[in-house]
Structures are given as C-alpha cells and as structure tokens.
Amino acid sequence: MSTAKDEDSSDLSILIQSIATSCKYIQNCVRKMGLAKLGGEANTGQNVQGETQMKLDVVANDVFVGMLDTCKRCTVLVSEEIEDPVYCKPSNAGRYVCVFDPLDGSSNVDCGVSVGSIFGIYRATEKGVARAEDALQPGKCMVAAGYCMYGSYCNFVLTIGGHVHGFTLDPSLGEFILTHPKITVPKRGSIYSVNEGNTQFWDEGMKTYVERCKNQAEPRGARYIGSMVADIHRTLLYGGTFSYPSDRKHPDGKLRLLYECFPMAMIVEKAGGKASDGCGRILDIKPTSIHQRQGIHLGSVEDVDEIEECMKNARRAS
Ligand code: P6P
C-alpha cells in the first residue's frame, strides 16, 4: 500500500518530469529559432518587468503554464512573464507551487548566447487549495529547484533537497542523461562575474572587492555573459563568484528574488557554495511580492565570505 510519502514523491517526480518536458520543447525552439522565424520581439509590448517580450519568451511561458496546469500537481504558478499568480483550477490542483522564469536572458537569444529556464518548487499549505501566500514562502522552504541551460549543450540541473545533479540532453534519444553527478562548487575560485559597466553605481564594498580581484598577485579572471543561467552554470562548475548587487541604479537589485535568486541560491548551497545579499543568507528572505527584486552574490564559500567582509568593512567605514 502506498504511503503519503510515496504519493508526495510520486507527485514531485511527475511535476519535475513536466518541467523537463517543457525544457525539451523550449530547447528545440531555441535551436531552430532562426529557421522557424521565432527570433526577435513578440510585438506584445513590455512584460510586467518593463522588458520587451521576445517571441521565445511568449512560447516558453505558454509551454510552462500549459504543462504545469495540466500535470495536475500544482495549485499556484508564478511566472516572470505574468503579472499575477496563476491559480490552477480545482480539478487540476495538486500539492505544489511552482515559480519560474521560462526563458531567462532572452534579450541575448538573437545573437546565440546561452539562455535558460529557471524554476523553484514549494509545497502548498493545503493539497488542492490555491493560496496566493503559498507563493511568498522564504526560499529555504523550497523542496526542489533547478534550471535548464540552452547552450553549447543542453543541461538540466536539479536538486530535490540533497545533492545537485546535471543531466545532458541526448538529442538522438530526446532524453536527459546523468552526466554531472553530485556537482560541487570549489571552496575558492579564480573568476569574478559582475557587470562592471555599473561600477559608478556600486557601494564602496563592491568596488573594494573587484579591485582586490584585479590587484592581487595572481589577478582573478573576469567573466560576464549577461545571461544568469550561463553565468551561474560556469560558477557552479568552476567556482568563483557571480554578483548582481543592489546599487544606486538598482536599489533593490535587478534580478527577481522568487524565480531567479531563490532557485539559484538553493542549487549553489546544495552544491556546497554560498548565496548572500551581501550580509545575510538569500534563502532566509521572506518575499513580500512575487516580482520583487534582490541584490545577490553567490558562488564559492570563501569568495562570497570575502565579498561580505568587504561590504561589512565599508559599512563600518561609512
Ligand atoms: P545586465 C537577463 O536579462 C538577466 O535577467 C539575467 O539573465 C542576467 O544575469 C542579467 O539580466 C544581466 O543584466 O544589466 O548586466 O544586462
């Protein structure tokens, strides 16, 4: 006889499979974009973020919403592309909340830069009952998180609370194959990743950290792709740091807390790394709105510790 725990894990497995299937469809669209005339802007104006929607943003969002509603395992969906939460109809309502950015970095897609889908999964407080507040749980309450990078290879990276594993899509089989078991972030890295075009807007602590990276005996390598999934995937595998700090131009940061920062923070932490807002743990934050933005630093523990030290010293000196 199946127990409640068995049903829970079965439902989570079905939900994750639905996400993986959505990612397979999206990667196929990304690969064929130029040929299928899926490039360029969607002519739908700006999305809730005030960003111009690309055709692939609309396709990716429709695929995620359609798959996650019909898989009958969710109560509430939050998408970067949709202003309000989507409440699954009672006949489809399950036991999970899924938050996602269906195609992050899409402004890069026309020039062939790697992009990706990001998702996080929470348990609903009551099976089958859609509640808005269930989408505003702290990141540490997530039961699973992951992303799919559409790059030189298509990699589905996932944690369900234990290790972080990476699965590479075999196009000939149409299946994700385990290629990166138990991904572990090096304790220290030799790369820093931040948009230095914003230097004039940073606080002193961030300026100090980047100067340290440049002026040490063996200078760190600067790498910035401008597509969060690609920058995080590199940081996860090679170590170092990725930062999008809050600054005078982005007082609350640019990246969205719920479906960008939280999932990436869970993945990096479960891989032995660290995710900070500059002084505290990202996953401890309790969101107040579904599209709120957040400054973030994540990657190798010792490197993120160094960023926090620079921030603390700057606050003391001010
Ligand atoms: P900037 C892409 O638009 C995105 O949301 C993330 O994928 C990426 O890390 C960030 O914005 C890049 O922002 O201001 O450096 O171009």
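Biologist: Where does the ligand sit?

Modeller: The ligand sits in the largest pocket of this predicted model.

Biologist: How is empty space found in a structure?

Modeller: A probe the size of a water molecule is rolled over the atoms, and this shows where empty space is left. Here the largest pocket has a volume of about 410 Å³. Its lining is made up of 25 residues, and Glu51, Gly105, Ser107, Gly226 and Lys254 are the closest to the centre.

Biologist: Which elements give two or more residues to that lining?

Modeller: They are strand 5 (93–104), helix 4 (228–238) and strand 13 (241–244). Strand 5 gives the most, with 3 residues.

Biologist: How do the lining residues divide into nonpolar, polar and charged?

Modeller: In the lining of the largest pocket, 6 residues are nonpolar, 9 are polar and 10 are charged. For the shell around the ligand, the division is 5 nonpolar, 4 polar and 4 charged.

Biologist: Which residues come nearest to the ligand?

Modeller: There are 13 residues around the ligand, and those that come nearest are Asp104, Tyr224, Met228, Tyr244 and Lys254.

Biologist: Which atom of Tyr224 lies 2.6 Å from an oxygen atom of the ligand?

Modeller: It is a polar side-chain atom. Lys254 also places a polar side-chain atom by a ligand oxygen, at 2.9 Å. With Met228, a polar backbone atom is 2.8 Å from an oxygen atom of the ligand.

Biologist: How much of the ligand does the protein bury?

Modeller: The ligand exposes 400 Å² when taken alone, and the protein buries 82% of that.

Note on methods:
Residues are numbered from 1 along each chain as its sequence is written. This is a predicted model: local features need pLDDT of at least 70, side-chain atom pairs count only at pLDDT 80 or more; totals for chains, interfaces and linings use all residues. Side-chain values use heavy atoms; hydrogens and water are left out. On a 1 Å grid over the protein atoms alone, a cavity is a set of points where a 1.4 Å probe fits but cannot get out, and a pocket is an open set with protein on both sides within 12 Å along at least five of seven lines; lining residues have an atom within 4 Å of a point. Grid points are joined across faces, edges and corners, and a volume is the space filled by probe spheres set on the points. Helices (H or I, at least four residues) and strands (E, at least two) are DSSP runs, numbered from the N terminus. Ala, Val, Leu, Ile, Met, Phe, Trp, Tyr, Cys and Pro count as nonpolar, Asp, Glu, Lys and Arg as charged, and the others, Gly among them, as polar. A residue is near a molecule or strand if one of its heavy atoms lies within 4 Å of it. A polar contact is a pair of N or O atoms within 3.5 Å; within protein, one must be able to donate a hydrogen and the other to accept it, and residues adjacent in sequence count only if both atoms are side-chain atoms. Accessible areas come from the Shrake-Rupley method with a 1.4 Å probe; for residues, only the protein chains shown count as cover. A molecule sits in a cavity or pocket if more than half of its atoms lie within 2 Å of its grid points.
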